[in-house]
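This report looks at one helix and its surroundings, and then at pairs of aromatic rings.

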Protein chains: 2
Amino acid sequence: MSDSWYTVRLRKNNLRVTNERQLVLSVLDRNHQRHLTVEEIYLQAHDEKPSIGMATVYRAVNLFVQHGILHKFEFGDGKARYEMVPGPEEPGHHHHLICKKCQKILNYDDFMEVERKFLEIVESGLERRYHFRIDDHIIHFYGCCETCADEGS
Amino acid sequence: MSDSWYTVRLRKNNLRVTNERQLVLSVLDRNHQRHLTVEEIYLQAHDEKPSIGMATVYRAVNLFVQHGILHKFEFGDGKARYEMVPGPEEPGHHHHLICKKCQKILNYDDFMEVERKFLEIVESGLERRYHFRIDDHIIHFYGCCETCADEGS
DNA sequence: TTTGCTGCAAATACTTTGCAGCGTT
DNA sequence: AACGCTGCAAAGTATTTGCAGCAAA
């Protein structure tokens, strides 16, 4: 049955597809593109299965990051955040605008054609120049959101 | 006297230019482009002034980040890293290649013309679309360095 | 002199780990 | 049955904070 791409990937690596791991993934899946902290994941999972422990959530997200199922982000507020990697050929790719004042995070997925062209040039250039195989990237913009700008300063 | 751009910026905000703060800045300045951890900064500062405390270093870097004198980076290993913002119209702008296996970090400053053109389009587009004033960005590439690739996957 | 800064130590916050029992394969 | 996974509690790091004394303005 349940043979989503991530389930398959887990089994392929001799990792067990437990209830807890599926629960963590389902929480992240339903919060698509919302970069949750471990605590937020834990709270939602706990609603559905009160016996689940925090440590299990930590272990699960670390495992998923290692296997390319989750992205890990650190926006500068001390807590790591996690988000599902879009499945093969799903759209879903996006980047972040972070407000330095209120820490609000906006997703955007505009300008992807421009970005793709830019990344193509830079990545292939870097791979050649530094003999470094690139398989992921992060692009963050920091600044000040509309609300915070209105509130003066 | 000592009226570097950051000194000026501190005074302008009614902040004191103390020995300790100058020491922290001089450590970062001499380690130009080396993204130091707080502990590394502390150790070097401690060599010059053994009485300095860790907490002072933490308070200093946080202050400097808030005032745009330092960049804060989190590459995913749990420790924050700091690096001087290049002074007005200095070159010095660069980005990072991070090896997921050995955590080595490479700086690069190639492809800046391509990047400038890309950022111009995206930033102005984002500012217009989301009413978000952008004043900083981070671009990281993650992958696998030459040494780690040779050691077999 | 005023007010902010420093060092110390204690307190927080986030994340990892040891271990005995349980659940997948 | 084997072995990996889980929950709990304890441990480990990184970072922040309270406070009395010190120093820049």
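In this predicted model, helix α2 of chain B covers residues 19–30, which makes 12 residues. From first C-alpha to last, α2(B) reaches 16 Å, close to the 16 Å expected at 1.5 Å a residue.

Five positions can be named for the buried part of the helix: Leu23(B), Val24(B), Leu25(B), Val27(B) and Leu28(B). An α-helix has 3.6 residues a turn, so residues three or four places apart point the same way. The cover over the buried residues of α2(B) includes helices α1 (5–12), α3 (38–48) and α4 (54–66) of chain B. Strands β1 (36–37), β2 (70–74) and β3 (80–84) of chain B also belong to that cover.

The aromatic rings are the second topic. Over all chains, the count comes to seven aromatic pairs. Two of them are set out below.

| Pair | Distance of centres | Angle of planes | Class |
|---|---|---|---|
| Trp5(A) and Tyr6(A) | 5.5 Å | 70 degrees | edge-to-face |
| Tyr108(B) and Phe141(B) | 6.3 Å | 50 degrees | tilted |

The angle between Trp5(A) and Tyr6(A) is over 60 degrees, so the pair counts as edge-to-face. Trp5(A) has 22% relative accessibility and counts as partly exposed, whereas Tyr6(A), at 16%, counts as buried.

In the tilted pair, Tyr108(B) and Phe141(B) are both buried. Tyr108(B) lies in strand β5 (residues 105–108) of chain B and Phe141(B) in strand β6 (residues 133–144) of chain B, so the pair ties together parts that are 33 residues apart in sequence.

Conventions: Residues are numbered from 1 along each chain as its sequence is written. Chains are lettered from A and ligands numbered from 1 in the order in which they are written. This is a predicted model: local features need pLDDT of at least 70, side-chain atom pairs count only at pLDDT 80 or more; totals for chains, interfaces and linings use all residues. Side-chain values use heavy atoms; hydrogens and water are left out. Helices (H or I, at least four residues) and strands (E, at least two) are DSSP runs, numbered from the N terminus. The expected span of a helix is 1.5 Å times one less than its number of residues. Buried means under 20% relative accessible area, exposed over 50%, partly exposed in between (1.4 Å probe, protein chains only). Contact means heavy atoms within 4.5 Å. Rings of Phe, Tyr and Trp (its six-membered ring) pair if their centres lie within 6.5 Å; planes under 30 degrees apart count as stacked, over 60 as edge-to-face and the rest as tilted.
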